[in-house]
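Please keep the sequence and the structure in view while reading.

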Amino acid sequence: MKNPAAGGGRWVEVAPGRFAMWVTEFALRHGGAGPVTRENAATVSFGAADGSIAECHPPFPPLPALLEDTAAWPGAIAAHAAADRTVGVLLVRLGGYAAGVFTGAQPKLVASKVGSRLVHGRSAAGGTSQHRFARRREKQAREALEAAADNAVAVFAGFTGRIDAVVLGGDKRSMAALREDARLRPYFDLAVGRFLTVPDPRLVVLQGTPRQFRAIRVLLSETAAPPELPQ
């Protein structure tokens, strides 16, 4: 199963522009539409006639108030996901970082800094050489994280008071170390719950993050493999 969920089912990601049609097709694949419920301020579940459920987690919770007519909910969820926002993105892996700010309903990268610092891998040698190598590696790692913090502050400071949300990604251990930098605390306070899994933070990776941070994540619990829809 692709992208299995820990408690069962599987995760899929749907772009805002496809979401309303995706909900319609989900119902068709499973015998028709079922009950639609708003679980909480951040989650809406679409049921199907065969008992399958699509539990939808839109980005940037909470969701706004929804109309009583549940048929309008897919469009409202899509509009929320694609709303005009200013979003900061910070990606960090040991030795590499990318910080950027996106604006607009069609997110445009308007400010960014990307860089890397040499951090040696672990040494297999023993004795004094190993301790000396470990100290050098710790120094390199510390300097790399300081560079990441310095550049993130430089990028985000130009948008003080205007950033609606911050999206984090990369390596969780490296990101945890950055949380100790008091300069970044206001931006961590704006961080969304989802942590992006990304490769080395290069500019092209940063530029591709809107596809992830705008996607509506859906936990699919299907009672059976759905039939193929007619073309």
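On a 1 Å grid over the protein atoms alone, a cavity is a set of points where a 1.4 Å probe fits but cannot get out, whereas a pocket is an open set with protein on both sides within 12 Å along at least five of seven lines; lining residues have an atom within 4 Å of a point. Grid points are joined across faces, edges and corners, and a volume is the space filled by probe spheres set on the points. This is a predicted model, in which local features need pLDDT of at least 70 and side-chain atom pairs count only at pLDDT 80 or more, while totals for chains, interfaces and linings use all residues. Residues are numbered from 1 along each chain as its sequence is written, and side-chain values use heavy atoms, with hydrogens and water left out.

The protein chain contains seven helices and 10 strands; helices (H or I, at least four residues) and strands (E, at least two) are DSSP runs, numbered from the N terminus. Of its 231 residues, 41% count as buried, where buried means under 20% relative accessible area, exposed over 50%, and partly exposed in between (1.4 Å probe, protein chains only). Among contacts between residues at least 6 apart in sequence, 60% join residues at least 24 apart, a contact being heavy atoms within 4.5 Å.

Spanning residues 96-104, strand 6 is mostly covered, with seven of its nine residues buried. Strand 5 (residues 85-93) pairs with strand 6 in the antiparallel sense over nine bridges; two strands pair if DSSP finds at least two bridges between them. In this pairing, Thr 86 faces Thr 103 of strand 6. The two strands form a hairpin with two residues between them, and Gly 95 in the turn has a positive phi of about 100°. Strand 6 also pairs with strand 7 (residues 108-116), again in the antiparallel sense, over eight bridges. Here Tyr 97 is placed opposite Gly 115 in strand 7. Three residues separate strand 6 from strand 7 in the hairpin that they form.

Which strands supply residues to the lining of the largest cavity? Strand 5 and strand 6 each give at least two, and strand 6 has the largest share, three residues. By class, nine of the lining residues are nonpolar, two polar and two charged; Ala, Val, Leu, Ile, Met, Phe, Trp, Tyr, Cys and Pro count as nonpolar, Asp, Glu, Lys and Arg as charged, and the others, Gly among them, as polar.

In helix 2 (residues 73-81), the residues Trp 73, Pro 74, Ile 77, Ala 78, His 80 and Ala 81 are buried. Seen down the axis of helix 2, these buried residues fall within an arc of 160°, so they line one face of the helix; the arc is that of the directions from the helix axis to the C-beta atoms. Their cover includes helix 1 (16-29), strand 2 (33-38), strand 3 (44-48), strand 5 and strand 10 (216-221).

The loop between strand 4 (53-57) and helix 2 contains Pro 62, and Phe 60 is in this loop as well. The peptide bond from Pro 61 to Pro 62 is cis, with omega near 5°. Phe 60 has a positive phi of about 55° although it is not a glycine. Most residues other than glycine have a negative phi, and most peptide bonds are trans. Phe 60 counts as buried because its relative accessible area is 10%.

The second largest pocket has a volume of about 280 Å³. Of the 16 residues that line this pocket, His 57, Pro 58, Pro 59, Arg 194 and Arg 217 are the closest to its centre. Strand 9 (191-196) and helix 7 are the elements that give two or more residues to the lining, and the largest share, four residues, comes from strand 9. The lining divides into 11 nonpolar, three polar and two charged residues.

Helix 7 (residues 209-213) includes Thr 209. Thr 209 counts as buried because its relative accessibility is 0%. Not counting residues up to four places away in sequence, Thr 209 touches Val 89, Leu 91, Phe 102 and Leu 196.
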